[in-house]
Amino acid sequence: MVSGVDPAMKIPDSLLSRIIFAYLPFMVYAFDLEKAWIAVLCVVAVFWLTVFFFWFTRNLFPEKLRSEVFFFWLLAWAQAVWYFTKLQPLWALSVFFLIPTSFLEPSQKASRVRVFSRVVPRYFWERFLAGFGFIGFVIVMALVQEVLGRQFGMMSFQRPAGILLLLSLAAFLWKNQPYQR
Amino acid sequence: MNIKKTVLTMLQYLFFVLFVAVLLITLSGAKMLSQEVLKNEWYRELIRP
């Protein structure tokens, strides 16, 4: 009920597709494992904070301007992190792809769920797990890149080609889960 | 009923303006603070790309 497909963005609301989209900006950064950790923690912290903040304050903003508020909020975080860490603000795109904007769209079901209702803990729990899923995904990718690209010296894993291969492998395995109903 | 709705909408717009103002003020504060923080040699070493 609270996690519907958002037709405005044309992005399916399944977790893996969100995660893969959110991972794309990471392909631009030339991170080692340590920097990937820092960046992914930054992304997920802002993601959790954003969901928490907007769930409780969304009704305080005019309906028409909620998406713009979200955009300003994201820009402000990207700029603030740039001031302190000089990290290029591409990571804000990852937050954008992870966020279920449906609860900010007045026409969507999720936005009609009351701010304090019984489904809220479940909703937050799902977002919490999505954040952990993203951390796991990025770290696995960084590990594979580290091991195959740097330790074994496979050129394709030092470039986006190897990661694209891994992404398609992950998508293939996800689609063909043995115990999927 | 309409008056109540209009007032609520106006309050929402006011909140929006305040929110954007707070964001901008916080950002300029963050910029000043970051200039101080970036003076530390060990911190600059830490965030070196």
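## Where the chains meet

Chain B has 14 residues in contact with 13 residues of chain A, contact being a distance within 7 Å between C-beta atoms placed from the backbone. On the side of chain B that touches chain A there are ten nonpolar residues, three polar and one charged. Here Ala, Val, Leu, Ile, Met, Phe, Trp, Tyr, Cys and Pro count as nonpolar, Asp, Glu, Lys and Arg as charged, and the others, Gly among them, as polar.

## Basis of the model

The model is predicted: local features need pLDDT of at least 70 and side-chain atom pairs count only at pLDDT 80 or more, while totals for chains, interfaces and linings use all residues. Residues are numbered from 1 along each chain as its sequence is written, and chains are lettered from A and ligands numbered from 1 in the order in which they are written.

## Chain B

Chain B contains two helices and zero strands; helices (H or I, at least four residues) and strands (E, at least two) are DSSP runs, numbered from the N terminus. Its C-alpha atoms fill a box of roughly 60 × 20 × 10 Å along the principal axes.

Of the 49 residues in chain B, 0% count as buried. A buried residue has 20 or more other C-beta atoms within 10 Å of its own, an exposed one 12 or fewer, and a partly exposed one a count in between.

## Chain A overall

Chain A has seven helices and zero strands. Of its 181 residues, 25% count as buried. Among contacts in chain A between residues at least 6 apart in sequence, 70% join residues at least 24 apart.

## Helices α1 and α6 of chain A

Helix α1 (residues 15-23) and helix α6 (residues 120-151) of chain A have axes that come within 10 Å and cross at roughly 55°. The axes are lines fitted to C-alpha atoms over the stretch in contact, with angles from 0 to 180 degrees between N-to-C directions. α1(A) and α6(A) are therefore oblique to each other, as angles under 35 degrees count as roughly parallel, over 145 as roughly antiparallel, 65 to 115 as roughly perpendicular and the rest as oblique.

From α1(A), the contact residues include A:L15 and A:I19; from α6(A), they include A:F134 and A:F137. By class, this contact has nine nonpolar residues, one polar and one charged.

## Around A:W91

A:W91 lies in helix α4 (residues 91-98) of chain A. A:W91 is buried because 23 other C-beta atoms lie within 10 Å.

A:W91 and A:F26 are 65 residues apart along the chain, yet their C-alpha atoms are separated by 7.2 Å. Leaving aside residues up to four places away in sequence, A:W91 touches A:P25, A:A39, A:C42 and A:V43.

Notes
Two residues are in contact if their C-beta atoms, placed from the backbone, lie within 7 Å.
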